[in-house]
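Subject: Structure handover

Hello,

Here is the structure I said I would pass on. My notes on it follow below.

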There are 2 protein chains.
Amino acid sequence: MENIHILIADDMEAHRRRLERIINSVDNLSIAASAKSGYEAVAYAAIKKPDIVLMDIEMESQMAGVKAASEIHKILPDTKIIMLTVHQDNNIVFAAFQTGIVDYLMKAAPKEEIIEAIYSAYNNQSPIRPIIAEKIRTEFARIKKSEDQLTYFFKIIANLTQSELEILKLLCSGLKRKEIADIRAVEVETIKKQISSLLKKFDKNSTKEVITEVNELRLFDLIKDIS
Amino acid sequence: MENIHILIADDMEAHRRRLERIINSVDNLSIAASAKSGYEAVAYAAIKKPDIVLMDIEMESQMAGVKAASEIHKILPDTKIIMLTVHQDNNIVFAAFQTGIVDYLMKAAPKEEIIEAIYSAYNNQSPIRPIIAEKIRTEFARIKKSEDQLTYFFKIIANLTQSELEILKLLCSGLKRKEIADIRAVEVETIKKQISSLLKKFDKNSTKEVITEVNELRLFDLIKDIS
DNA sequence: AAAAAAGGGGAAGAAAATTTTCGACTTATT
DNA sequence: AATAAGTCGAAAATTTTCTTCCCCTTTTTT
């Protein structure tokens, strides 16, 4: 399994030490850097490009934790930020979620919980914790929609490969995998793999859902005449 | 010279035809697609990833030109959008500039001017035209700063290669090219080339300016201990 | 004014990241 | 049971990005 690089940001020496010990105790986790302020955290993040950031949200010196999280998210949208908090103040936690963090933990959380959170974040599973779960979930659904369903969709389209685009067109025309394979002169297995990647990019589990969205956005005619 | 792919977006058939003729008359310009509405323009942009978009800003049906420009800019930040306008309404032109367009032209502009604008945009030179020049220039300077000088700088840092980062560190320590070359055990020429790329990424013309910025942002200590 | 350093452009080869291709296996549909 | 849909992994091919170095011009030092 690949190595996961982690950036620690906490202004208290003792807390940093504890996190360092925990991370070092797990084989495929490693420390990218250990920052003592929000400002340092942003700089180290830019330099080291960690997979995960464990950020104390209560830091105040130089740059607040929430602000630092937001900056890091702007610079490295794919880096997963996990926030550490002492008092579970739902409002702060919620504010942080809006700036791009993917999970939060109590600072006193047991080792196992921290490690699990790291793996979850790395694998894109947000184990949204109970207390603020609902507020976040509904709010997030809203944001994702309003980030313009259209922009969101087009961004995905722009990231498709030429083959995927072509296959999307053929799928929208109602063709089956075997038929598509014949047209493209490759094995069905290849087409299946490519549709699989396609679905992953659209974050959907079936072609039906993708086609439904294409139709809802009235994109069929445009996709149809892809060269 | 490479081929430049251009997307045309205008709701009037005659205007599209004229632009198509102009583009086809130049050897290394080619038409990626020709859109009849802002909506189509966004879709085609996502599908074709053109280098340049020539967008009629007065389109209204389905999606306004300014809105379409803004969407395309979100999806493809590197695509250069040139706006076409009939009445030179500075406010509209200015609004458009804020959403990511890089130049504007009168619709009646002569062929030569259009072609020149395309090349300028492609080569990242904004020939900012006189009438609104000052307003835009000052406003833009402000925006570029306030887009957080810090975020902007860190984004660049995050895009440096390992060698470039290393060289930046050595430059900040006051070393000369020859000395850096010795440390890295390569020819001075190599270092010179890499510093050149470094400067391009920072959009600066000399290492001095880069170092000044590093110091202003108090980043020297952090950069110093890059592994 | 000469020498040294800084900077720009281009191009070949190396290295890294993506894409394409396909087989094996699992789960839904018909 | 058969067909279709979908997932995972992995080798080969392709594309992109980095590295390296050469040649040439401009700026700075001495």
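I start with A:Asp56, which is buried at a relative accessible area of 1%. This residue belongs to strand β3 of chain A, which covers residues 52-56. The UniProt record, an unreviewed entry, puts the feature "modified residue: 4-aspartylphosphate" at A:Asp56. Please keep in mind throughout that this is a predicted model.

Chain layout

Chain A splits into domain 1, residues 4-141, and domain 2, residues 148-224. The C-alpha centres of these two domains of chain A are 35 Å apart.

Aromatic pairs between the chains

Counting over all chains, there are six aromatic pairs in the structure. One of them is formed by A:Tyr39 and B:Phe154, with an edge-to-face arrangement, 6.3 Å from centre to centre and 65 degrees between the planes. Because A:Tyr39 sits in helix α2 (residues 38-48) of chain A and B:Phe154 in helix α7 (residues 149-158) of chain B, this pair joins two chains. A:Tyr39 and B:Phe154 are both buried.

A:Phe154 and B:Tyr39 also make an edge-to-face aromatic pair, at 6.3 Å centre to centre with 70 degrees between the planes. Here A:Phe154 is part of helix α7 (residues 149-158) of chain A and B:Tyr39 is part of helix α2 (residues 38-48) of chain B, so this pair joins two chains as well. A:Phe154 is buried, and B:Tyr39 is buried too.

A:Tyr39 also takes part in a cluster: ring pairs link A:Tyr39, B:Phe153, B:Phe154 and B:Phe202.

DNA strand C

- B:Lys192 has a side-chain N or O atom 2.9 Å from a base oxygen of DNA strand C.
- B:Ser196 has a side-chain N or O atom 3.3 Å from a phosphate oxygen of DNA strand C.
- B:Thr207 has a polar backbone atom 2.9 Å from a phosphate oxygen of DNA strand C.

The elements that contribute two or more residues to the surface near DNA strand C are α10 of chain A and α10 of chain B. Of the elements, α10(B) gives the most, with five residues. Sorted by class, the surface near DNA strand C consists of two nonpolar, eight polar and seven charged residues.

DNA strand D

Around DNA strand D there are 16 residues, and A:Arg177, A:Lys192, B:Thr161, B:Ser163 and B:Glu189 come nearest.

- A:Ser196, through a polar side-chain atom, at 3.0 Å.
- B:Thr161, through a side-chain N or O atom, at 2.8 Å.
- B:Ser163, through a polar side-chain atom, at 2.7 Å.

For the surface near DNA strand D, α10 (188-202) of chain A and α10 (188-202) of chain B each supply at least two residues. By class, this surface has one nonpolar, eight polar and seven charged residues.

Backbone angles to look at

Most residues other than glycine have a negative phi. Two residues of the model are listed here for a positive value.

A:Lys49 has a phi near 45 degrees, which is positive, and it is not a glycine. A:Lys49 is located in the loop between α2 and β3 of chain A. With 36% relative accessibility, A:Lys49 counts as partly exposed.

B:Asp203, again not a glycine, has a positive phi of about 60 degrees. B:Asp203 is in the loop of chain B between α10 and α11 (207-216). Is B:Asp203 buried or exposed? Its relative accessible area is 52%, so B:Asp203 counts as exposed, the cut-off being over 50%.

Regards

Methods: Residues numbered from 1 in each chain as written. Chains lettered and ligands numbered in written order. Predicted model: local features only at pLDDT ≥ 70, side-chain atom pairs only at ≥ 80, totals over all residues. Heavy atoms only, no water. Domains from an automatic or database assignment. Near = heavy atom within 4 Å. Polar contact = N/O pair within 3.5 Å; in protein donor to acceptor, adjacent residues only side chain to side chain. Helix = DSSP H or I, 4+ residues; strand = E, 2+ residues; numbered from the N terminus. Nonpolar A, V, L, I, M, F, W, Y, C, P; charged D, E, K, R; others polar. Phe/Tyr/Trp six-rings, centres within 6.5 Å; stacked < 30°, edge-to-face > 60°. Buried < 20%, exposed > 50% of the residue type's maximum accessible area, 1.4 Å probe, protein only. UniProt positions renumbered as here; feature names shortened; annotations may be inferred.
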